[in-house]
Amino acid sequence: MNATSKEVLAGVTEAIKRANPLGQPVPALDPGHRHAFHWPPHAISRDYHVTSSDWRESSSHIFRGEEYEVQWAETEQGLFGRIINLWNEARGSSLDEVLAELESGAAPWFERMDSISRAIGLENRFHGQISELSNPQLAALLFADDRDVAYTAVIEIEKRASRVQFAEAFVTILSDNLHPNRRTAQWCVLDMLEDYKAFCRSEAEVQAVVTAVHNLMAHAPDDFARTIYKAGVVLGGHFCNEPAAEALIACLTSPSKIGRRSAMHAVFHLVEWLPDHRSQVVRALRESAETESEPLLREFALSQASDIESGAHDHKSEPIFPEEIPA
C-alpha cells in the first residue's frame, strides 16, 4: 500500500491530464456544498414487519448497466424487493414498480461509485472501499466531482500520513490551474494542512507549501468552496510561523481581491499566535488601505488594523462582494 512521493505525485498529475488533456488553464467549477453519503438507506421492510422467512424468491435484473440479484417478498402489505449486495429496498404493487423504485433508490450509490471511477481513471464502475485504494489513487480522488468522495479520501490519507509522503503532491494540487474540480482538491489539502507537521517533514517542504498557498491566494479569481478563505485561515491560524507571516503580509497587496480579503482576515489570527508581529501587521494593513481599489476592502483593512492594534478579541466580518451575493 505504501508508495513513494513520486508515485503519489504521479497519481495527481495523471488525474489532471485525464481531466484536461490539452493542458490549457480552465476556470474552476463551483463544487457547491458537500452532501454526506449515508448507506445503506432505511430498510422499508422493517416498517411493515417483513420477516426473513418472507424473502422467498430471487431474480436477476439490470440496473445502470450491471446485473444484480433481487430478493422478493410478497405480503399483504405489498410486494417488496431488495438488491442483494446493495441492500436498498423498495415496496410497490407490481414488479416493474418495485424495480423502478429500487433503481431510483440506489442512484446515490451508483453516482458515488461512478464519481470514484472518474476520479481515478477506471473504465468500469468501482465496487470496492475507498480504504482499499492505493496512495496515488487516493491523491487523485481529491479531485472527485463529489465533494464527499474527496473528503472520504482525506480521512484515509490522514491515516497514512506517517508512512507516506504527500507534501509534493499537495504543492502540485495547490498550484494547479488545469483541473476543473481543483477547488475541491485544494480545500481538502488545506484541511489536512491544518496539521501540516503530519505532512511536511522538512523546512523545505514547509516553505514549498506556504509558497503554494500564497500563490493560490494571490491570484485567485474566485472563492469557490471557500477555498481561498480557508487558505488564509491555515496560514494565519495553523502554520502561524515566519514564512506564513511573510506570505500573508505580501497577500495584503496581491493582484486578487479574493486573496487580499482572505489575508486581511487571516492576519488578525496570525497576531494572536505571533504577537511580536502586531505593529508590523497594523502598519501593513494601513499601507494596503492607501492603495486598495476596492472600497469594501479599504474599510475592512482599516477596521482590522484598528482591532489588532487595540488587542480586540473579535473583528468585523469580512465583506462579501456584490457578485458573490446569490441572485
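A residue counts as buried when its relative accessible area is under 20%, as exposed when over 50%, and as partly exposed in between (1.4 Å probe, protein chains only). Helices (H or I, at least four residues) and strands (E, at least two) are DSSP runs, numbered from the N terminus. The model shown here is predicted: local features need pLDDT of at least 70, side-chain atom pairs count only at pLDDT 80 or more, and totals for chains, interfaces and linings use all residues. Residues are numbered from 1 along each chain as its sequence is written, and side-chain values use heavy atoms, with hydrogens and water left out.

Figure 1. Contact here means heavy atoms within 4.5 Å. Among contacts with a separation of 6 or more, 63% come from residues 24 or more positions apart.

**Figure 2. Helix α8 (residues 182-192) is mostly covered.** How many of its residues are buried? The count is 11 of 11. Follow the helix from Arg-182, Arg-183, Thr-184 and Ala-185, through Gln-186, Trp-187, Cys-188 and Val-189, to Leu-190, Asp-191 and Met-192, and you have met its buried residues. The cover over them includes α6 (147-160), α7, α9 (203-218) and α10 (227-239).

**Figure 3. Helix α1 (residues 5-19) packs with helix α7 (residues 167-175).** Their axes are 7 Å apart and meet at an angle of about 25°. Axes are lines fitted to C-alpha atoms, for helices over the stretch in contact, and angles run from 0 to 180 degrees between N-to-C directions. Angles under 35 degrees count as roughly parallel, over 145 as roughly antiparallel, 65 to 115 as roughly perpendicular and the rest as oblique. The pair α1 and α7 is therefore roughly parallel. On the α1 side, the contact is made by Ser-5, Lys-6, Val-8, Leu-9, Val-12, Thr-13 and Ile-16, while α7 brings Glu-168, Ala-169, Thr-172 and Ile-173. Sorted by class, this contact of α1 with α7 holds 6 nonpolar, 3 polar and 2 charged residues. For these classes, Ala, Val, Leu, Ile, Met, Phe, Trp, Tyr, Cys and Pro count as nonpolar, Asp, Glu, Lys and Arg as charged, and the others, Gly among them, as polar.

**Figure 4. Helices α10 and α12 pack with their axes 8 Å apart.** The angle between α10 and α12 is about 25°, so these two helices are roughly parallel to each other. From α10 come Ile-228, Tyr-229, Gly-232, Val-233, Leu-235, Gly-236 and Gly-237, which meet Ile-258, Gly-259, Ser-262, His-265, Ala-266, His-269, Leu-270 and Trp-273 of α12. This contact of α10 with α12 has 8 nonpolar, 7 polar and no charged residues.

**Figure 5. Ser-262 sits in helix α12 (residues 257-273).** Is Ser-262 buried or exposed? Ser-262 counts as buried because its relative accessibility is 4%. Its side chain reaches the backbone oxygen of Ile-228 at 2.7 Å. Not counting residues up to four places away in sequence, Ser-262 touches Met-217, Ile-228, Tyr-229 and Gly-232.

**Figure 6. Asp-148, in helix α6, pairs with Arg-34 through a polar contact between side chains.** The distance of this contact is 2.7 Å. A polar contact is a pair of N or O atoms within 3.5 Å; within protein, one must be able to donate a hydrogen and the other to accept it, and residues adjacent in sequence count only if both atoms are side-chain atoms. With a relative accessible area of 3%, Asp-148 is buried. Leaving aside neighbours within four places in sequence, Asp-148 is in contact with Arg-34, His-35, Ala-36, Phe-37 and Arg-112.

Figure 7. Most residues other than glycine have a negative phi, and most peptide bonds are trans.
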